[in-house]
Each structure stands twice: as structure tokens, then as C-alpha cells.
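Reader: I am new to this structure. Please take me closely through one part of it, the place where the two chains meet.

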Amino acid sequence: MLTSRAWWFLLTVLLILSAGLLVPSLPLLLVGLTLLLWFGCQWLLFLLRLPAVRGLRIEREVWDEKTAVATLWAGQTFEVRIRLVNDWLPSSHVAATDRVPFAVEHRDGLTTVQGTLSPRQPLEFSYRIRCGTAGLARFEGVRIQTADWQGFFYHAHFAHAVVVMRILPVLTQRAGQPASKKRQNLLMPPGIHRFHRPGSGSELLDLRDYLPGDPPKTIAWKVSARRDRLITKEFESEVPVRCTLFVDTSNSVRVPGMAGVGPRQINYGKALDRLVDLAAGILQASANIRDLTGLCLFDEQGVTNIRPNRGGAHLTECLRKLAESSALTLRLERVNPNHLLPLAYSFVQEVYPELLRPAVNAVPFWMTWLEGFSSYSRRLPLSLFEMLRRGKSERSVGNLFEILHRRKSELRTLCWWSSFWTLLLPLVFLLARVVFKARVPDGLLAFVLFFCPLFSLLMWGGTSAAFALDSLVGWRKRRRDRWRKQLAAILSARYGLAPGGLAALLEDDDAFSLLLQRFLSEHQIPYSLPLYGPEGRYLFAASEKVPVLADALVRAVGKGRDNELFVLLVDLLELDDCLEPLLRAVRVALGRHHQVVLICPWPPGLALPTDNPARRATATLALHGHTARSASRDPQAILWDQLTTRRFHLAYQRLRRTFTRLGVVVICAASDEPVPLILSRLERLRTPGRPRS
Amino acid sequence: MTKSQIPKPASPAQARQELRSHPAVRNYTLVCLGALFLLVVCLADRGLGWWCLIPALIGSVALLLHWSLGPPMVIVSLTGLMLASARYRRSYPYWARDQVPTLMDLLLCVAVLGYVMGHYRLLSLVRHIFPPDPRRMRDNASAESANRRSADQVNGRELALLVLALPLWTVLSVVVWSWMMDSAPALEMPVKVWRTLCVGWTALTILTATATVAGYLRWATATPEESLLYLQDQLWRPTRREQGSLNRWLVWARLRAQRKKENS
């Protein structure tokens, strides 16, 4: 509440007042009294005005060029208008700062406004944002700082006004849609497509010789007259085509790409964004030609289905689901929560300062100095055996300090107990000798009388030294413990684990880490996790999604009719060992005369796989040039990039070979490949009757 | 507005120069200088000679360099000067003589209060009104501008109130002083000690009452989440060791089951 400026001033005023009273000096006393009275009244006035800040109302509107909107669109610019209304006394000086969501980019205009809040004069400000990729934009509220004009008293408050707005995927431009070269005379009914096989359609397919049994109305009389024999017209078939999109939302596509560097780019670099854009483009293209289109979002745990349908409401529903899935972040068990602690604590400090007040969420200083938190499940960097084996290395020393910090309670208890017994033992001997007249040798008695206090003294000395050492080197650990306790308390209260949840989260790292990830994910805070485990295994392969996808595909086949088109937007690179269930499901689909297309997201920043050796060499050279520029100081990084590129190319070739054998077309959705190109490929595939390549 | 028409943001030095020439900053500087001049006059009237310039010099330098410790330094120098002068002249104690404050005493109060108010408000305009966030200290320029009070917010009414407040608080302090004079010492205490106790206890009582009311209001307006956190904390503190032991066993069991599952 009081700033350092106020403390210094108060100290000086008390000094002058004491001097005026004790010397005594009338002018000093009067000056001291004047300053003290003024200071006290300023304080009181500030306290009286505080409810105005705590109880203010926030009215937020997001406008496009014409009107207020409830949904945002990717890649478009919007204006955020905020109005702060106060129904209480006029406030002190106030600075209000709106928290711009991570999913959008601040373009222009100030996100901060200063002034005095009064019932007659609300504070208003506006700024412009530009939406990035599809996802969710969460406006948390406005941070309010208030102070008196002298800067003596300060109060920070976060006015929560949570608004979550969906950022729908970008709309495909009409010019980008596949060109129609149709020479049709009639408009097809919704969802009906031409089939280049003889049937009962209305479009002419071919002319052939008349066969007995052909209906006379199909005879082409003019042609028959010219050729002097009966010729019959053949018409095309008209069949319905339903399209179902299977979009991968598992951990493997939520990993930030190599091109994404920095907290703001983390959302733009993941493969899921690309898949969502593609799915949205296909959905819109299908909606334009009035196809029935369904959506199936799947991850390692399960699927979310939207049955094939058409119409504006259905399209909007699908786009909303896609936007929500695009906002998903990485989720991983067994991750060290220390990676996320600084980020989460900093966020809580800014958005939930009231939950970190010592009155409600205290960590007494002696608790971190004398006790610490054991965190039973927290893994040490090295096991005790490895530590002894490696000897005096830097990691071993760090490990030792970590053990010392965590086991302070046990050390203290051990010290107490050993002191108790070492003091009790001589007493027992003395009692045995004096009261019970037992034969206790003088040498043993002298030994016990001398060594027990010495041992106790040594124990106390050692423990004190250990505590002193920890207090010298463990300030980071004490800070980490304080953050951990406060965050555990907040998470426990927030997710309904109180009252016992706090202790559980302090001991269980995995549970704490999961809740922390959930908390950050709910608030749309981008965070990064270690990609590889301690044994060097990649943690986000998400092979569990393959059976889930296979099951979903078989179900879709079971519910499908003729001529279904299944588009699998899924990352299957380097999952060769787990593909068998999916391959079985694809065979079932193909056996029922459906079509399957596999679209595989390609990691951003990597050279595209190509069949042409010349283009491949060019791409590799370009990549080498790029990596050499970006990592000119580190040859290891260049080598690492080359190996990664090679690894991905091989994985793609294996995947393509596997699916092409079945007759499934595999498309690589590179980050710079436009949606219309992929749509045109799909359009070609959509026409049944084409020869399978 | 085209790109060429968008005004470029001013450099930090340019912004600082603009801020210094802002009318609000100039007015507060003038208030401070006026108060320092009055202070010199009051001290000179006491016959302090050239020494009377010391607080004014310190105050002027603090004003020029925008020191946040300027007012405390002026007050301390004034206290030192007055105490030295009192010791030199041996003209006290006044309690026994029912001394009445003179006009110069009152002007001294006005001068000191005027300087303190003006200097701190000036600091809010040119340095910071909100305490700087240590996490954002790296970017000094933007952090300062974000924490500064906008000079455009200052209006004539604010300055007029400041000028009016100076005699008001001085008169109030005289009223309090006369109340102190009227109360007779209890328990045959020395007058000096009695007055000190009176002032100390009054200040403490007011502070305690204010803190209690503010604390009660804070609890009364607490959110359900805050109340839940408080209750959870109250339970956890005395039982943390027992809860810790229990949960350690639970985690051990979970990890063991997990290991078994992985091995099988």
C-alpha cells in the first residue's frame, strides 16, 4: 500500500515531530504536525476511494469495420473498445491497462488509459488488433493501478471481465476456389455429382449403337439419319458424394514448429494451425458446391464427431469446433513443473494478485528456510548411485544441494532424535550403576559420558552448517518453493481439490504439472515443454491416436452410403510401426468403394519432399543456405538440420509408399502451399470414375 | 491516414525535453521554487544568516535533478538547522512560557508543505507515480513512461486546490497544537513526556482504527476464491506435516503401480 517514497517521507516526518516534541521546538512541532495531518488525511482519502476501483464495471466491445461482433476471423483487423464505469466516489489517479490476448496481435492504439474515474465521466479507450490463426482469444480483463497524486499510496487490482471469442479460420477467397469447366445444362441437386459412367442423369455422356431394349426416347434421330443406323444417347450418372474430414488434434500436431521462435510466434508455427486452415478451406469449398460434409476431430483420448450435413449453421458449427481445437496446447504427464513455474507465477501475479496476498495465501519465511517442501515425486537430475559414480562434477554438486534443500525437515528431526538418545544414554548408564547397582565398567561409562555429548555437539554443528550452506546457496530453491506453494494453493482451490489438495499437489509433481498445464491452457497462455525425455525419447509422437483414428474411420464406413470421400488430415510421419490398425480400416473403406485421401502436415522450415531429383537438390541447397545463414556460428546446428530434413524425407517416402500401395493418394501439406492447390487436387479426386493412379 | 502522415514517435530525449517544457511541470516547479523562497525568508527572519540558504539549496538541486529523496533531505536539513539554532540560542523550553506561534512559524509550515506537495507531484509527472515493476526494469524508457502520470491530466483546479490546502493544513495543525496545550499532564509526568505520549497514542489509535476498518472492509468484499484460499491455508498450516506424510505414501503407491504397469 505505502510506496518507498511514502515510507521515507513518514520516517522524516516522525523525526521532525520527535525533535519538535523532545527538544522541544515549536516551529518544528508545527511543521511536523502539519505534514503528519496532511499525510494521514491523504491516506484516509485514498482508502475511501479504493472501493471505486474495486467495484468498477468494464464494458468491452469488439468492432469490425461496421458493427460490434461476437466472433473474430483469422487474419482480419478489429477494434477493441473499452469503457470503465464507476458508480462510487471519484477515484484517485488511475491507470487502466487492457491485457491483449496472446492469440491476437496489437496493431495500433494505446492499451492504457490514465485519468480519474467518476460516475459522470467514465474512462474510454480503444485499440486495434489483428487476429493470427484460428483459435480462441481470451480477454482476461483490465489491470488497474491507482495512486494518489504524490505517489505515496499505491494499489494494483485486476478487474476480471473474461470474454472468450473464437477466431474462426480464414475464409477462402472466391478466386482461389477450383475453376469449374463444367458444360452442364442443369443445376445439380445439392450434394449430387456427375459420374462419368452411363446412367440416368440428364447430361449427355456418349453416343453408341442402338441395342434391343434401349428406350426409344434415347435414340438420337438426327445422328441416326446421318449415319443410317440407329444411334442411342447415353447419359451420365448423378450420384451423391459425402465428404468426411478427420482432423488430427493430438499432441504431435500441437508441438510448436521449428520456425516458431518467441512467445508470440508459438501459435503460428504448429502443424495443427495448418491442418485447421486446410480443413476450413475444404469445408467452405464443399459448402459452396452444396456437398454434405462431416467433421471428426480426434486425438489420443477420443473423437468429436459432427455428422455430415450442409448449410450455414452446420458450416459455422464446424468452424467453431475447428477454432476450439486450434487453441489446444500441449499436454503431457510426467513433466517437471519447474519449467512452467516462472511463467505461471508471473501470470498469476498479473491477473490474480488478490490470490497471492499474504493474508489468504501465505508462505512464512521460516517455512522455506527451515522446512522446505519434500516433493516426494520430484525426480532428481541424478540418482544417488550415479552421483557417487560421477564423483565431483557440477551436476553432482547441484544434486547434493537439491537433496540438502529438500531433506531439511528430516535432517532436523534426525538431529533432535540423535541428541535425545545421546543425552539419554549416559543417564541410563548412571541410573543403572547408582540405583540398580549394575556393573557398568568405568571405561564404558567414561566413554559414553565423553562421546555422547560430543556426538550430539557434532550433530548440531553439522546440521547448523548444512542449514547455513543451504541458506547461502538455496535462494533460488526457496523462491521456487514459495511459488510452488502459492500456485498449488490456487490450483487446489480452483479445481475443487481443497482442502487436502494443497498438500497433495506439493508432494505429487505429476498432478501439479498437469493442473498447471490445464491452468495455462485455459487462459490461452502459450508455453513450451521439453520435447525429449531423459532417455532421449521423443515425447509427442502420439502413437495412441492411430487406433482411435482407425476406429473412427471404420465407424464412418459403417454409417456411410455410396461414394463417400474420407479426407484424413493427420500427422503419421515416423509412425510406421503403429500403422497397421489404420491400414486395415483404410482397406475396409476402399473395399466399400469409398475414397480415402491422406493429407500430411509438413513441419515448417523444412525443405519439401519431391520426386524430382533436380528439385530435391535445389531444395536441399536452399535449406542449407537458410540454415547456414541462421546458424552460421554453429556447425552442429547445420548438421542437425540436415539430418532432421533427411529423416523427415525418408519418413514421408515410407508413408507415401505404404498408402499408395492401397490406392490412397498422399498429399503433403507444406506450410507455403496454398489451400486452393490442395482443393483442386481434392476436386480431381472427388469425381468418381477417374482411373486410379 | 497514409503511412507518411503517421507522426513518428519522439525519441526519449526529445520526449523528456517536451515534458520539461509542459505547463504543468513548469507550474509545479514554480510552486516549489516559491516555497523554497518562503523557506529562506522564514529562516532568515530567525537570524540564521547564510545558513538559511542550505535547505533551499538542497531543495533546488533536488528539484533540478528530480531526486525522490529531495523533500526528506530538505526536512532533515531544516530540522538540523533549527536544532542547532535552538542549542546556540538557549531560548527554550517554551512549554512553560505558553508560547504562541508567530506568523513566521505558520509561513514556515506553509513553505515546507508547499515544497513537499509540489516536489512529489512533480516527480509523479516526470519520474513515476506508480512504483516501477522490477520485472520490467530492463526497458527503462518504456517502463518510466508507462508509470508516469500524464502531464495533460493536470488542470488549473488541481493547482488552485494545492494553494488553498496550504493554509488549511497549517491552521489545522495549530488547532491540534492548541488542543495539546490545553490538556494537563496526568500522573505528575513531565510535560515533555506527556505531550509526546499524547501525540504518539493519538497517532497510533488513529492508525490502528483505520487499519482495522480497512482490513474488515477487505474481508467483507473478498471473493469466494479468496475465502476458500484463506480457509485452506488455515487448515494446511497446523496439519501440513501429517498431510505431507499421507500424501507421500499415496504418491509412492501411485508411482509403484505405474512402474508395475510399465514393466508388465
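Author: Contact between the chains involves 68 residues of chain B and 61 residues of chain A. This comes from a predicted model. Start on the chain B side. Five helices of chain B each give two or more residues to the side that touches chain A: H4 (70-89), H5 (103-126), H7 (156-182), H8 (191-220) and H9 (224-263). H9(B) gives the most, with 18 residues. Sorted by class, this side of chain B has 42 nonpolar, 16 polar and ten charged residues.

Now go in on one pair of helices. The crossing of H2(A) past H7(B) is right-handed.

Which residues meet here? From H2(A) come A:Leu29, A:Leu30, A:Leu33, A:Thr34, A:Leu37 and A:Trp38. From H7(B) come B:Trp169, B:Thr170, B:Leu172, B:Ser173, B:Val174, B:Val176 and B:Trp177. By class, this helix contact has ten nonpolar and three polar residues. It has no charged residues.

Step back to chain A as a whole. Chain A has 693 residues, and 34% of them count as buried. Its elements are 20 helices and 17 strands. Take the contacts within chain A between residues at least 6 apart in sequence: 73% of these join residues at least 24 apart.

Technical notes
Residues numbered from 1 in each chain as written. Chains lettered and ligands numbered in written order. Predicted model: local features only at pLDDT ≥ 70, side-chain atom pairs only at ≥ 80, totals over all residues. Contact = placed C-beta atoms within 7 Å. Helix = DSSP H or I, 4+ residues; strand = E, 2+ residues; numbered from the N terminus. Nonpolar A, V, L, I, M, F, W, Y, C, P; charged D, E, K, R; others polar. Buried ≥ 20, exposed ≤ 12 C-beta atoms within 10 Å, placed from the backbone. Left-handed = near helix turned anticlockwise from the far one by under 90°.
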